[in-house]
Amino acid sequence: MQLDHLSYASEPDGLIPTTKRLAQALGVEPLDGGYHPQFGTRNMLLPLAGFHYLEVVEVLDHPVAANAFFGQAVRARSESGGGWLGWVVSTDDLTFFERRLERSAVEGHRTRPDGVELWWKQIGLKGLMADPQLPYILKWEIDDALRPGADKPSDVQIVELEIAGSPDRVRNWLGMDAGETLRDVRVKWVSPKGQPGLMSVAFATADGIVRI
């Protein structure tokens, strides 16, 4: 299990302007990620080093978004001003989490603008909505070469996540310490002054450390 990607909900002026600001801050060329038809969302991607990426996502004006957990989470975060939505880990085996969370993983997919379809299974979005410090978990059902940003990686690295919350709570959720999951990414835990969750991320860029 390892860190897969970070999700950032679009700010009030929309997906494209939000993505441009983040891309300029990091010195990364954004990619059009396409649509999530079953979630009622669309995204842009900022590829990072190590198979990681930053997903900037916005909710669509479509009925499906009101019934999908991810669409609901994105809408709520964007309506509060946008910003960090959460962090996501990937695994080769979801069975452990299906037993632990006593529910089945659900299938997800989206079609890239070039027509390539990406498929995965995920679990834990309810946890993200109830307690935003918790990651959700996914398993890619595609070759690594097709994973987001894999064909156009950048040298920008994630070096630290600042999370308002409890390491014990995350450990109980994942079944292991967050440090074991994130490996070479530091975690700075701070006491929540409001809702828990991902507060900021530090990136190593060509211009030094950038914190968003």
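This is a short tour of a predicted model, one selection at a time.

Before you start, note that residues are numbered from 1 along each chain as its sequence is written. Because the model is predicted, local features need pLDDT of at least 70 and side-chain atom pairs count only at pLDDT 80 or more, while totals for chains, interfaces and linings use all residues; side-chain values use heavy atoms, with hydrogens and water left out.

**Stop 1: the open sheet**

Select β10, β9, β11 and β12, which in that order form an open sheet of four strands with mixed pairing. Helices (H or I, at least four residues) and strands (E, at least two) are DSSP runs numbered from the N terminus, and two strands pair if DSSP finds at least two bridges between them. At the edges you will find β10 (186–190) and β12 (208–211); each has a single partner strand, so one side of each is left without a neighbour in the sheet. From one strand to the next the twist averages 20°, with axes taken as lines fitted to C-alpha atoms and angles running from 0 to 180 degrees between N-to-C directions.

Now colour β11, residues 197–205. Towards β9, β11 runs antiparallel, joined by seven bridges; show Glu 160 and you will see its bridge partner, Ala 202 in β11. Towards β12, the pairing is also antiparallel, over four bridges, and Phe 203 stands opposite Val 210 in β12. Follow the chain from β11 to β12 and you pass through a hairpin of two residues.

**Stop 2**

Next, select α3, residues 69–79, and show its buried residues: Phe 70, Gly 71, Ala 73, Val 74 and Ser 78. Look down the helix axis: these residues fall within an arc of 160°, so they line one face of the helix. The arc is that of the directions from the helix axis to the C-beta atoms. Just after α3, Gly 81 takes a positive phi of about 120°.

Stay here for the largest pocket, with a volume of about 360 Å³. Of its 20 lining residues, Arg 77, Trp 84, Pro 132, Gln 195 and Pro 196 lie nearest its centre. The elements giving two or more residues to this lining are α3, β5 (83–90), α5 (125–130) and β11; α3 has the largest share, four residues.

A pocket is an open set of points on a 1 Å grid over the protein atoms alone, with protein on both sides within 12 Å along at least five of seven lines; a cavity is a set where a 1.4 Å probe fits but cannot get out, and lining residues have an atom within 4 Å of a point. Grid points are joined across faces, edges and corners, and a volume is the space filled by probe spheres set on the points.

**Stop 2**

Select His 5, His 36, Glu 55, Trp 120 and Tyr 136, the closest to its centre among 13 lining residues. β4 (53–59), β7 (117–123) and β8 each supply at least two residues of the lining, and the largest share, three residues, comes from β8.

**Stop 3: Ala 150**

Finish in the loop between β8 (136–140) and β9 (157–164), where Ala 150 is found. Ala 150 is partly exposed, with a relative accessible area of 25%. Leaving aside residues up to four places away in sequence, Ala 150 touches Phe 51, Asp 144 and Ala 145, where contact means heavy atoms within 4.5 Å.

Technical notes. Buried means under 20% relative accessible area, exposed over 50%, partly exposed in between (1.4 Å probe, protein chains only).
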